[in-house]
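Here is a short tour of a protein model, written for someone meeting structures for the first time. Keep the picture beside you and look up each part as you go.

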Amino acid sequence: MGKLPSRLESKLAKRRAEDSVRNLPVPKNLIGFSSNDYLGFSREPAIHLEALEILKTVGCDGNGATGSRLLSGNHVLYPQLENFLAEHHKAESALVFNSGYDANLGFFASVPQRGDLVLYDELIHASIRDGIKMGNAKSHKFAHNDLEDVKKKVVASLDGPTGNGKQGQSSNNRPEVYIVTESVFSMDGDSPDLLAFSQFCSEQGYHLIVDEAHATGIYGKGRDLVCALGIQDQVFARIITFGKAMGCHGAAILGSAALRMYLINFARSFIYTTALSPHSVATILASYHHLKNAGIESLDVLEQNIRLFKAEINKLGIADRFVESDSAVHCLLVPGNGTVKSLAGALQQKGFDVKPILSPTVVEGQERLRFCLHAFNSEEEIVQLVEETKNQLSI
Ligand SMILES: Cc1ncc(COP(=O)(O)O)c(C=O)c1O
C-alpha cells in the first residue's frame with residue numbers, strides 16, 4: 001500500500017491542529033436530534049412495505065438499475081415518479097437525479113454559459129458551489145438573504161445602471177443572470193424572502209433557482225416552500241431532494257419541459273452514472289403516497305414541535321444565542337471548534353444526539369450546535385433537551 005503523499009499528510013495535520021478532523025461517527029442509540037429525517041419516514045415500515053408492493057405491481061424482482069438512464073437504467077417506474085413529482089410540486093416537468101449533490105452539480109455545471117452571471121448566497125450548499133466551479137459562467141456570492149446586495153452585485157458585475165446587461169449590447173448577446181438561493185438553509189435553518197427574490201427576478205428577466213432540499217415534503221401540504229408561496233411559475237428551477245424529510249434517497253430538478261430536455265442532453269452527472277435502482281425509485285413513490293395520506297399528520301406534529309422548541313428556548317432565556325429560524329433546523333452559536341465539540345459531547349453523554357458543526361464547514365467563529373427537530377421527538381424529549389442545553393451553557 002502506498003504512503004499518503006506528504007502534502008496530503010500536512011493537510012490532515014493542519015486539520016488536527018485546528019481541531020477540525022472529520023471522523024465517521026459510530027451509531028449510538030441516542031435520542032435523535034441530528035438527522036434530516038424530519039418526518040421520521042426513514043423508519044416508517046408502511047413505506048418499506050408499499051415500495052415492495054409497487055415493485056410487485058410492475059413485475060420487478062431485480063436489484064440494480066444496470067446502466068445509465070440513457071442506456072438500460074430507465075426503469076418503467078421513472079416516468080411514473082417524474083409525472084407524479086411534476087403534478088405534486090406544480091411544475092411543468094421533473095427530472096430525477098441520483099442525489100441532490102448530483103442534481104446541483106449537473107445543473108450548475110451545464111446551464112449557466114460562458115459570459116453568463118451566477119449570483120449565489122454566501123451560505124449556499126457545497127454542491128452548488130462545486131457545480132458553479134465546474135461551469136464557465138462568471139460567479140459572485142451575495143450577502144446571506146440580502147436582496148439589496150444582489151441588486152448591487154448585478155449592477156457591478158454587468159456594468160449596466162439597470163443591471164440589465166452591458167450598455168449597447170444587443171438583447172441576443174445579453175448575459176443570462178442566475179440568482180441562486182435555498183428555501184431553508186441547511187446550516188442556519190432560516191429562509192430568504194422568496195416573494196421579494198422572485199418578484200425582482202421576474203421584473204428583471206433573471207432566472208431564480210431555489211434549492212428546496214430542507215423544505216421538500218414539509219411546506220405547502222407536503223410540497224415545498226416555493227409552492228406554499230404560490231410562486232412556482234416565477235422560479236426557473238427548483239431542486240428537491242428525497243434524502244431528508246422524504247426519508248429515502250435521490251433528488252429531482254423541477255422546471256420547464258425544455259429545461260428537462262436540456263439537462264438530459266448536457267448534465268454530465270445525469271448522463272454518466274448508473275441510474276437509481278428500481279427499489280430506490282419505488283421507495284420515493286411510496287414515501288410520497290404515505291405523505292399524502294397518513295403522513296400529513298406528521299407535518300402538524302413537526303410544526304407543533306418546532307413551536308415548542310422555540311417557546312422553550314425563549315422561556316429559558318437562550319433564544320438570542322440561536323440563529324432565528326422557523327424551520328426544523330435550529331442552531332446555537334458556540335464559537336470555537338473545541339468549545340462546540342465539548343458541548344455536543346456533554347449533551348451526547350446525557351443521551352441526546354446533537355452534532356457540532358465545525359469550521360471549515362461553517363466560517364471560523366460561526367461554529368454551532370445544530371438541533372434538527374422531528375415529528376417523532378416527544379414533548380418531553382424537547383423540553384429536556386433545552387433544559388440540558390441551558391444547564392451546560394451555565395457551567
Ligand atoms: C441545501 C442542500 N442541497 C443539496 C444537498 C445534497 O442533497 P443529497 O444529500 O441528496 O446529495 C444537501 C444535503 O446535504 C443540502 O443540504
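## A pocket to start with

The second largest pocket has a lining of 13 residues, and those nearest its centre are Tyr219, Leu299, Glu303, Ile306 and Asp326. Do bear in mind as you look that this is a predicted model.

How much space lies in the second largest pocket? The answer is about 260 Å³. Sorted by class, the lining of this pocket holds seven nonpolar residues, five charged ones and one polar one.

## Two domains

Next, step back to the chain. It is divided into domain 1, which covers 57-292, and domain 2, which covers 295-394. Between the C-alpha centres of domain 1 and domain 2 there are 28 Å. Where the domains are in contact, 15 residues come from domain 1 and 16 residues from domain 2.

## The nonpolar cores

Now for the inside. The largest nonpolar core has 65 residues. Which residues have the most contacts inside it? They are Leu85, Phe242, Tyr288, Phe309 and Leu369. Helix α11 (residues 278-292) gives the largest share of this core, with seven residues. Both domains take part too: domain 1 (57-292) and domain 2 (295-394) each supply at least three residues of this core.

Leaving out residues up to four places away in sequence, Tyr288 touches Phe84, Leu85, His88, His89, Thr216, Gly222, Ile240, Phe242 and Met246.

How many cavities of 30 Å³ or more does a search of the whole structure find? There is one.

About 50 Å³ of space lies in the largest cavity. The residues that line the largest cavity are Arg69, Val96, Phe97, Asn98, Ser269, Phe270, Thr273, Thr274 and Ala275. Two elements, β2 (93-97) and α10 (268-271), each give at least two residues to this lining. By class, the lining of the largest cavity has four nonpolar, four polar and one charged.

Some backbone angles deserve a look. Most residues other than glycine have a negative phi, and most peptide bonds are trans.

Where is there a cis peptide bond? It joins serine 359 and proline 360, with omega at about 15 degrees. Proline 360 is found in the loop that runs between β11 (355-357) and β12 (368-372).

Aspartate 19 has a phi of about 60 degrees, and its place is in the loop between α1 (6-17) and β1 (31-32). Is aspartate 19 buried, exposed or partly exposed? Aspartate 19 has a relative accessible area of 32%, so it counts as partly exposed. For lysine 90, phi is about 55 degrees, and this residue sits in the loop between α3 (77-88) and β2. Lysine 90 is partly exposed as well, because its relative accessible area is 43%.

Definitions and conventions
Residues numbered from 1 in each chain as written. Predicted model: local features only at pLDDT ≥ 70, side-chain atom pairs only at ≥ 80, totals over all residues. Heavy atoms only, no water. Core = buried A, V, L, I, M, F, W, Y, C linked by side-chain atoms within 4.5 Å. Buried < 20%, exposed > 50% of the residue type's maximum accessible area, 1.4 Å probe, protein only. Helix = DSSP H or I, 4+ residues; strand = E, 2+ residues; numbered from the N terminus. Domains from an automatic or database assignment. Contact = heavy atoms within 4.5 Å. 1 Å grid on protein atoms, 1.4 Å probe; cavity = no way out; pocket = protein on both sides within 12 Å on 5 of 7 lines; lining within 4 Å. Points joined across faces, edges and corners; volume = space filled by probe spheres on them. Nonpolar A, V, L, I, M, F, W, Y, C, P; charged D, E, K, R; others polar.
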